[in-house]
Amino acid sequence: NAEACANLGQIAFSEQEYAEAVKWFTESLKIKPQLWDAKAFLGLSDMMLGRTADGDPLLTEAFPHITNQNLRVQVGVSLVRFHMSTHSLSQVVGVVDELEQSAQADPEVLYVAYRAYSALAAESLNSLYKRWPESARVHQIFAQAAVTQEDFPGAIKQYKMAIEADSNLPGIHYELGRTILTNSQDSAAL
């Protein structure tokens, strides 16, 4: 009975007996290959055993079909963490998007989304900086980062460098002006 084998696998999984869980989930899937929860648990078990080459494809295949919300979050988070660790970030965007749509209130989902988007942003900035280190956009990004750190003089300097690189950059003069006024309200700033 495929469901009985899957239930035994879930018991082994909940007791962190992942090798035993793999045995039962594998048996259940031999009988009934479309048991998506069993496939997901098999993938999670493989991941816990360090067999990511086996676990990742199972999780990827099962994820869109999982209806149990808790399992869906667990699988999605596992996929995102794995792909972030292997720097294959392009594969996480769809998973993060689906997780955010289905589990908006889950703090783990929101944290994983934050980490994934932060990693993607850092990767994009790194690529931009390697290709065009003195571009207006690089200076604009550095200025925006300085503003978030409340380093207004540093931000002003970076905005001015951005304007030197491209004075037609949309919104750059406004951002500089806003930062100048945030930094000081004296007559020169006004």
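The model is predicted, so to speak of a local feature a pLDDT of at least 70 is needed, side-chain atom pairs count only at pLDDT 80 or more, and totals for chains, interfaces and linings use all residues. Residues are numbered from 1 along each chain as its sequence is written, and side-chain values use heavy atoms, with hydrogens and water left out. Helices are DSSP runs of H or I with at least four residues, strands are E runs of at least two, and both are numbered from the N terminus.

**Helix α3 itself**

- Among the buried residues of α3 are Trp36, Phe41, Leu42, Leu44 and Met47, along with Lys39 and Asp46.
- The buried residues of α3 pack against α1 (2–14), α2 (18–31), α4 (52–62) and α5 (69–85).
- Just after α3, Gly50 has a positive phi of about 85°.

**A closer look at Asp46**

- Asp46 sits in helix α3 and is buried, with a relative accessible area of 5%.
- Beyond its neighbours within four places in sequence, Asp46 is in contact (heavy atoms within 4.5 Å) with Val22, Arg51, Thr52, Asp54, Gly55 and Leu58.

- The axes of α1 and α3 are 10 Å apart, at an angle of about 35°; axes are lines fitted to C-alpha atoms, for helices over the stretch in contact, and angles run from 0 to 180 degrees between N-to-C directions.
- The α1 and α3 crossing is left-handed, a term for the near helix being turned anticlockwise from the far one by less than a right angle, with clockwise being right-handed.
- On the α1 side, Ala6, Gln10 and Phe13 meet Ala38, Phe41, Leu44 and Ser45 of α3.
- That contact of α1 with α3 has five nonpolar, two polar and no charged residues; Ala, Val, Leu, Ile, Met, Phe, Trp, Tyr, Cys and Pro count as nonpolar, Asp, Glu, Lys and Arg as charged, and the others, Gly among them, as polar.
- α3 and α4 pack with axes 7 Å apart at about 150°, and are therefore roughly antiparallel (over 145 degrees; under 35 is roughly parallel, 65 to 115 roughly perpendicular and the rest oblique).
- α3 also passes α4 in a left-handed crossing.
- Residues of α3 including Trp36, Leu42 and Asp46 take part in the contact with α4, whose residues there include Thr52, Leu58 and Ala62.
- The contact of α3 with α4 divides into eight nonpolar, three polar and five charged residues.

- The axes of α4 and α5 come within 10 Å and cross at roughly 130°, which makes α4 oblique to α5.
- This crossing of α4 and α5 is left-handed.
- Thr52, Asp56, Leu59 and Thr60 of α4 meet Val75, Ser78, Leu79, Phe82 and His83 of α5, giving four nonpolar, four polar and one charged residues.
- Asn68 lies in the loop between α4 and α5, and is partly exposed at a relative accessible area of 36%.
- The C-alpha atoms of Asn68 and Gln140 are separated by 44 Å, with the two residues 72 apart along the chain.

Conventions:
Buried means under 20% relative accessible area, exposed over 50%, partly exposed in between (1.4 Å probe, protein chains only).
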